[in-house]
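Please look over the following model before reading the notes below it.

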Amino acid sequence: MSNTQDRVHLQARKVSFSWDDTPLHWVPGDPFAAHTINVLHLLLPAGERWFVHVYRQVLPLIRDERLREDVIGFIGQEAMHSQAHDEVLPHLKELGLDPTPYTAQIDWFFEKLLGDRTLPPGRARRWWLMERVATIAAIEHYTAFLGNWVLNAEELDRRGADPTMLDLLRWHGAEEVEHRSVAFELFMHVDGGYRRRVRTWALAFATLVFLWQRGARFFMENDPTLVDGRASFKDFYVRGRRGVLPGTGDMLRSIPRYLSRSYHPSQEGCTEQAVAYLAQSPAALAAEKGAA
Ligand SMILES: [Fe+2]
Ligand SMILES: [Fe+2]
């Protein structure tokens with residue numbers, strides 16, 4: 001059941017960030033935590049562009065006006081997220097960390113492997129579209145999880161994390177919490193098969209873990225300021241305990257929630273908190289002023 005009082009009108013905020021003062025290790029003294037979060041800038045530009053690409057194809061299948069409106073709002077927000085993360089990459093390059101060897105692979109992954117296949121109109125084409133719609137719902141379970149995490153990650157403030165990066169992450173995280181029900185409701189509306197939900201979740205989860213640990217290792221190994229940069233699961237686990245990265249236990253506990261037959265994303269995170277952050281986010285406020 002969707003939570004009606006939780007529903008907000010989804011609008012894209014035309015934010016922009018100035019990266020000039022953001023250091024490479026924007027979590028002071030903790031390159032691993034900074035780079036693990038930096039993996040978002042590698043995955044999201046291509047990933048969220050792909051969401052938009054897939055959803056444009058689903059729009060004609062929606063038979064519910066409110067859901068259509070939500071999906072259109074979702075598309076606008078994701079397009080902006082993709083662009084905002086993309087704009088961090090030239091700054092990383094200026095700081096000596098060229099991300100293009102990795103982003104080239106991610107572009108191939110989303111555009112070719114998960115792109116449109118030359119399928120005849122009909123069952124096969126619909127099957128491939130539904131697989132991707134279900135995959136996006138699974139990924140959005142994690143974007144909402146991460147959004148909720150970063151909104152509450154006070155340890156990052158205590159450690160003096162860069163305010164611009166924190167605002168990017170929290171503006172994005174807040175919009176993820178805001179629109180967290182859309183992808184799942186769309187999947188339930190056009191398909192909703194439980195076996196498909198489980199299958200695509202397993203694939204999405206395994207792929208995310210694989211790409212994430214590879215991305216973190218890529219950054220640690222290529223960081224020009226580190227002599228012997230490494231990334232291990234233990235590093236991740238320890239940061240989770242400290243509160244500068246999501247906790248491993250919290251992540252594991254979120255799995256059965258998504259796979260439960262009574263799952264609905266409105267049970268995760270808090271819309272009021274997201275809306276409250278957006279009302280004071282420097283980037284969101286500047287965007288609002290610019291729009292006015
Ligand atoms: Fe997003
Ligand atoms: Fe999202």
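## Basis of the report

This is a predicted model, in which local features need pLDDT of at least 70 and side-chain atom pairs count only at pLDDT 80 or more, while totals for chains, interfaces and linings use all residues. Residues are numbered from 1 along each chain as its sequence is written, chains are lettered from A and ligands numbered from 1 in the order in which they are written, and side-chain values use heavy atoms, with hydrogens and water left out.

## The iron ion (ligand 1)

The iron ion (ligand 1) is held by Glu 48 (OE), Glu 78 (OE), His 81 (ND1), His 172 (NE2) and Glu 176 (OE), at 1.9 to 2.3 Å. Donors here are N, O and S atoms within 2.8 Å of the metal (3.2 Å for Na, K and Ca), and because water is not among the atoms, sites may look incomplete. Along the sequence, the donor residues of this ion follow the spacing E-x29-E-x2-H-x90-H-x3-E. Distant parts of the chain are linked in this way, with Glu 48 in helix 1 and Glu 176 in helix 7, 128 residues apart; helices (H or I, at least four residues) and strands (E, at least two) are DSSP runs, numbered from the N terminus. Glu 48 and Glu 176 are buried, a word that stands for under 20% relative accessible area, with exposed meaning over 50% and partly exposed in between (1.4 Å probe, protein chains only).

Glu 78 bridges the iron ion (ligand 2) and the iron ion (ligand 1), which lie 3.7 Å apart. Here too distant parts of the chain are linked, since Glu 78 is in helix 2 (residues 65-86) and Glu 176 in helix 7 (residues 163-178), 98 residues apart. Both Glu 78 and Glu 176 are buried.

Not counting residues up to four places away in sequence, Leu 186 touches Tyr 55, Val 58, Ile 62, Leu 67, Val 71 and Val 133, where contact means heavy atoms within 4.5 Å.

Arg 132 belongs to helix 5 (residues 123-151) and is buried, with a relative accessible area of 3%. Leaving aside neighbours within four places in sequence, its contacts include Trp 50, Gln 57 and Asp 116.

In helix 11 (residues 248-259), the buried residues are Thr 248, Ser 254, Ile 255, Tyr 258 and Leu 259. They lie on the same side of helix 11 because they cover an arc of only 125 degrees around the axis, the arc being that of the directions from the helix axis to the C-beta atoms. On the other side of helix 11, Arg 253 and Pro 256 are exposed.
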